[in-house]
Every structure is written in structure tokens, then in C-alpha cells.
Amino acid sequence: MAAEYFGVESNWHRAPSMKVDCPNCGGKIPGGVAFHYDNGRVCVLDWERAWLAGAVKKEDVPEPKQWWGKTSANFAEDVAIEQLRKDAASLGIEVDKRWSKETLSAKIQEALKS
Ligand SMILES: [Zn+2]
């Protein structure tokens, strides 16, 4: 099973990539790239992947494209609330989507006491 899956995966990676128009500069680029070079300047399509590849520094990333900080904190919060909702549901609580983390915790505590 695993070998089969791996085979499919590596075939996919070997498939010739189609040239597409860059949405930033209009140049012809391989499909799915995070960045490419145009006249010696880096043209970035996906800032996070370009940063992971070492093509740009975090201080080069324009503010609307910054994926760290507040965004990841919000993400952690969402994950925590989602987990509390699951815990509450497994205790037979009818979960209201508007409940805050605190409300959910209180309801779970209540259900555990009874
Ligand atoms: Zn470009």
C-alpha cells in the first residue's frame, strides 16, 4: 500500500510542468512555483514558500502578506475552540457556535461534575 502510494507520488513529481503566465509580472514561469527571477529581481507568488526556500527575508515580506504573528495566534485560538467544541459534543452538550472559549470550558466543567 505504502509503496504503491509512493510510486504515484514520485510519478507526479516527474511530470513535466506546464508554463503559465505569472500573475505579478506576466512572464512565462513553470506552474506551481513560489517565486522566480525576472531581470535579476525576485518575483514572489507565495511569500511563505519563497521564505522557506531562502529566496526572501522576513523583512522583505509586505505587510498584507505576513503570515506570522497575529494570524498564527488566531489560528491557535481557533484550534483550541474547535477542540473544546468536540469535547463538549462528546459530553452530550448542544454546542452553540457563538460560545466563547470560557463559556465552552464552563459548560464542560458543569457536565463533568454532574
Ligand atoms: Zn513574475
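This briefing walks through the fold, core, hairpin and helical part of a predicted model. The chain holds four helices and four strands, where helices (H or I, at least four residues) and strands (E, at least two) are DSSP runs numbered from the N terminus. Residues are numbered from 1 along each chain as its sequence is written. Because this is a predicted model, local features need pLDDT of at least 70 and side-chain atom pairs count only at pLDDT 80 or more, while totals for chains, interfaces and linings use all residues.

**Overall layout and confidence**

- Read from the N terminus, the elements follow the order α-β-β-β-β-α-α-α.
- Mean pLDDT (the predictor's confidence in each residue, from 0 to 100) is 86 for the chain, and 82% of the residues score at least 70.
- Confidence is lowest in helix 1 (residues 2–14), with a mean of 53, and highest in helix 2, at 96.
- A word of care here: where pLDDT is low, the predicted coordinates should not be read in detail.
- Of the 114 residues in the chain, 8% are buried; a residue is buried if 20 or more other C-beta atoms lie within 10 Å of its own, exposed if 12 or fewer, and partly exposed in between, with C-beta atoms placed from the backbone.
- Taking contacts (C-beta atoms, placed from the backbone, within 7 Å) between residues at least 6 apart in sequence, 2% join residues at least 24 apart.

**The nonpolar core**

- F35, V44, W47, A50 and W51 make up the largest nonpolar core, meaning a set of buried Ala, Val, Leu, Ile, Met, Phe, Trp, Tyr and Cys residues joined through C-beta atoms within 7 Å.
- Helix 2 (residues 47–52) gives the most to this core, contributing three residues.
- As general background, nonpolar side chains tend to be buried together in soluble globular proteins.
- Leaving out residues up to four places away in sequence, F35 touches V42, C43, V44, L45, A50 and A55.

- Strand 3 (residues 35–38) and strand 4 (residues 41–44) run antiparallel and are joined by four bridges; strands pair if DSSP finds at least two bridges between them.
- H36 has C43 of strand 4 as its bridge partner, and D38 stands opposite R41 in strand 4.
- The two strands form a hairpin with two residues between them.
- N39 lies in the loop between strand 3 and strand 4, and its phi is near 50 degrees, a positive value in a residue other than glycine.
- N39 counts as exposed because it has 7 C-beta neighbours inside 10 Å.

- A80 sits in helix 3 and is partly exposed, since it has 13 C-beta neighbours inside 10 Å.
- I93 is found in the loop between helix 3 (70–90) and helix 4 (101–113).
- With 16 other C-beta atoms within 10 Å, I93 is partly exposed.
- Beyond its neighbours within four places in sequence, I93 is in contact with A88, K107 and A111.
- I93 and K107 are 14 residues apart along the chain, and their C-alpha atoms are separated by 7.8 Å.
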